[in-house]
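Visitor: I would like to know where the labels on a model come from. Please take me through them.

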Amino acid sequence: MTRKELLTVYSSEDGPEEFETIVLRALVKACGSSEASAYLDELRLAVAWNRVDIAQSELFRGDIQWRSVHLEASLMDALLNDRPEFVRLLISHGLSLSHFLTPTCLAQLYSAAPPNSLIRSLLDQASQGAGTKYPTLKRSEEHRTPNVGQVLLMLLGEMCAPRDHAWVSGDPHQDQGCVESTRLLRATSELMLDAVLGQTPWSDLFLWALLLNRAQMALYFWEIGSNAVASALGACLLLRVLARLESEAEEAARRKDLAAKFEGLGVDLFGECYRNSEDRAARLLLRRCPFWGNATCLQLAMQADARAFFAQDGVQSLLTQKWWGEMDSTTPIWALVLAFFCPPLIYTNLITFRKSEEESTQKALDMDRALNGEGPVRPGDPLEKMPLGVMSQPSHRGCSPHLCRWTQFWGAPVTAFMGNVVSYLLFLLLFARVLLIDFQPTSPGALELLLYFWAFTLLCEEFRQSLGGGWGSLATGGPGPAPCQTPLRRRLHLYLADTWNQCDLVALTCFLVGVGCRLTPGLYELGRTVLCLDFMVFTLRLLHIFTVNKQLGPKIVIVNKMMKDVFFFLFFLGVWLVAYGVATEGLLRPQDQDLPKILRRVFYRPYLQIFGQIPQEDMDVALMKHDNCSSELGFWARPSGPQAGSCVSLYANWLVVLLLVIFLLVANILLVNLLIAMFSYTFGKVQGNSDLYWKAQRYSLIREFHSRPALAPPFIIISHVRLLIQRLRRHRARLPSSPDMQHFRVHLSKEAERKLLTWESVRKENFLLARARNKRDSDSERLKRTSQKVDTALKQLRQIREYEQRLKGLEQEVQYCSRVLGWVAEALSHSALLPPGGPPAPAPPGPKD
């Protein structure tokens with residue numbers, strides 16, 4: 001045997017896992033070279049067997065010179081076979097993703113989706129919509145780039161829609177020669193910060209892992225990439241949308257669990273950022289993320305229904321600052337109401353501001369220099385609300401302290417809210433006065449005309465919210481785009497997504513119908529009826545005002561959840577009520593032909609019987625006068641009182657009484673207690689999370705009033721006319737829209753955004769290190785390490801037992817040999833062949849050296 005170093009001895013007692021280790025080590029030993037090309041097959045075999053420990057100890061110990069091109073095939077195997085540990089190992093040893101992730105490679109990754117999976121069907125739909133076919137098993141179509149952008153458009157609307165890309169136009173083959181120009185998801189050409197920082201490959205792989213539901217891969221790529229908070233919230237949104245579309249229950253549950261993990265990561269990471277710097281954390285919330293369609297973290301959290309994110313102290317602190325503007329949050333509400341009705345009180349100490357006018361001006365100037373990378377706002381822009389709750393630089397320069405206090409008071413969202421509350425209450429009082437006293441068939445009076453004008457201003461405000469982009473569309477792109485650039489369909493969709501906006505539309509539509517009927521000859525009573533019902537809708541709209549209150553807001557959430565239980569209860573009650581009503585009416589009055597009265601007795605009478613109104617004299621013939629009051633054959637009875645003349649059949653009247661008993665038993669005991677149990681369950685379930693629901697709704701309310709004009713209806717028409725004139729002037733002069741049209745956003749320069757993302761990355765690294773440390777110190781990890789030590793000790797004990805068994809065997813053999821030698825010596829001592837006297841005595845031991 002000339003090459004003994006290539007020989008490896010394997011024992012069948014070591015098990016199959018040990019066999020894999022021995023085979024890989026034997027193959028690595030057989031190579032005997034320092035060139036990486038000689039170990040490619042062994043590395044791919046380690047990936048196939050998922051033995052990252054062997055690869056790390058045998059292939060990446062420093063003696064083999066690995067290059068990026070050598071690791072690409074193994075990385076592709078690791079991605080396709082879902083080996084996140086190998087992906088970490090290969091990337092940490094110098095693999096270049098920018099060179100690896102070509103359109104062909106990305107298409108191969110998406111082709112790994114199962115044939116009947118959700119993502120495969122979405123890719124097929126997107127490719128068919130673009131006029132192409134997704135790659136099938138044909139080799140000629142294997143390198144076709146999947147239309148992932150169209151899939152994201154279908155899933156998220158225009159939130160993740162990248163601009164200026166070849167695949168957006170539906171041509172997946174355009175510009176395939178340049179790797180950097182065919183990245184599937186990149187920001188616009190004006191703000192390409194992610195591409196500058198080299199994060200585009202991470203983003204592509206991050207989206208690939210999310211779409212294919214590779215949990216560990218997605219978490220790893222999130223840890224490596226940038227825009228950590230926004231990416232976590234965007235991943236939560238995408239996964240929850242996919243979970244709703246998923247047909248398989250297990251797959252949907254896995255997506256929901258992964259979405260909850262990303263929501264938790266976003267919450268914990270932002271909490272770490274807020275504890276380090278409140279100012280930078282606020283900018284992080286209001287910063288536009290180009291990768292997610294220029295949406296902010298707050299918008300992503302709202303779309304993803306990440307209520308835990310809104311419950312954080314950092315988010316609530318920012319919302320409180322936005323809500324009060326430049327005023328101090330300790331200002332009492334009654335002081336605001338007094339200042340609202342008596343504006344000179346603004347200049348007294350009754351209204352306190354966070355800083356003096358000079359300090360506030362200096363703060364605004366400093367923040368404008370640090371944050372606003374697009375230049376100051378022109379003097380012609382309206383001074384309603386500015387990013388970060390401060391006025392723009394020209395608005396403060398040269399203004400007197402009295403004017404600053406005036407604009408800061410009326411520009412605060414809380415002032416606009418109080419003004420709208422007072423205005424709405426006055427509107428309801430005027431509406432009630434007109435309906436009860438002044439609503440006559442004659443021509444409308446002065447108060448009625450004032451009511452019509454007031455409702456017209458409300459309608460104008462709803463048009464402004466719906467057509468003006470409302471709270472800022474997620475599809476709005478570019479630095480400072482106008483709301484008119486957002487498609488009308490998208491703006492209307494965002495507007496109608498709010499339940500209170502739908503309530504406003506119903507109320508105003510009914511009001512227009514009622515006024516139209518009232519002014520039409522012959523339809524006065526119909527108009528009055530419609531307006532009376534419409535007053536109820538307007539009054540219920542008051543609940544939206546109470547959502548800002550910390551005590552009433554959560555209760556409104558609970559009532560909203562209980563309404564769903566009421567609808568389920570009404571379904572069961574309606575089924576049982578119809579069954580009982582029809583059966584009872586058929587038994588009592590088979591000859592009655594009056595349909596209105598029949599329907600009243602079928603539906604209305606059983607409903608009243610639930611509340612105890614049981615007309616026994618109308619159902620029990622024992623309480624009636626037996627009289628042949630009908631020409632039909634049979635036995636009849638005449639009820640007393642107002643039911644005289646309506647004959648009741650005597651046949652099977654006992655069955656009517658029995659049905660009444662069963663109906664009351666089921667309705668009053670079973671169904672009502674079922675409703676109480678449902679209410680108790682909903683209350684107990686929502687009560688613990690009602691604070692989370694309320695804080696999310698609080699964001700919606702503050703966002704709404706942050707974008708509203710300061711004047712309340714009906715004076716809001718002045719603001720509408722001013723906005724319309726400014727829009728027409730800008731349109732004629734072809735000027736860009738004012739940045740103040742975008743609320744709850746901050747415009748950062750490239751340098752400021754780079755510094756902010758660098759700070760976020762440092763916070764993320766500290767967060768991940770702290771989480772790893774906590775995980776390492778957790779009880780589960782300690783038990784795991786203890787278990788590993790116990791397994792090692794047991795393995796060593798087994799080896800010791802084997803050695804003991806071998807020593808016992810050797811001892812037995814030595815004893816046997818000694819007995820044999822004793823027998824031989826004894827036999828030779830009795831033999832005549834040996835001389836007499838026996839063997840010589842042993843020599844004494846010599847002296848020690």
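This is a predicted model: local features need pLDDT of at least 70, side-chain atom pairs count only at pLDDT 80 or more; totals for chains, interfaces and linings use all residues.

Visitor: Why is Leu 573 called buried?

Guide: Buried means under 20% relative accessible area, exposed over 50%, partly exposed in between (1.4 Å probe, protein chains only). Leu 573 has 6% relative accessibility, so it counts as buried. Leu 573 is found in helix α29; helices are DSSP runs of H or I with at least four residues, strands are E runs of at least two, and both are numbered from the N terminus.

Visitor: Which residues is Leu 573 in contact with, leaving aside its neighbours within four places in sequence?

Guide: Ile 610 and Leu 671. Contact means heavy atoms within 4.5 Å. The C-alpha atoms of Leu 573 and Val 672 are separated by 9.2 Å, and these two are 99 residues apart along the chain.

Visitor: What makes α11 and α13 roughly parallel?

Guide: Helix α11 (residues 200-211) and helix α13 (residues 228-245) pack at an angle of about 30 degrees, their axes 10 Å apart. Axes are lines fitted to C-alpha atoms, for helices over the stretch in contact, and angles run from 0 to 180 degrees between N-to-C directions. Under 35 degrees counts as roughly parallel, over 145 as roughly antiparallel, 65 to 115 as roughly perpendicular and the rest as oblique. Therefore α11 is roughly parallel to α13.

Visitor: What makes α13 largely enclosed by the rest of the structure?

Guide: Of its 18 residues, 15 are buried, so α13 is largely enclosed.

Visitor: How do you know that the span of α13 agrees with its number of residues?

Guide: The expected span is 1.5 Å times one less than the number of residues. For the 18 residues of α13 that gives 26 Å, and its end C-alpha atoms are 26 Å apart, so the two agree.

Visitor: Why are α19 and α23 called roughly perpendicular?

Guide: The axes of helix α19 (residues 333-341) and helix α23 (residues 413-438) come within 10 Å and cross at roughly 70 degrees. That angle lies in the 65 to 115 range. The two helices are therefore roughly perpendicular to each other. Among the residues making the contact are Leu 336 and Phe 340 of α19 and Met 418 of α23.

Conventions: Residues are numbered from 1 along each chain as its sequence is written. Side-chain values use heavy atoms; hydrogens and water are left out.
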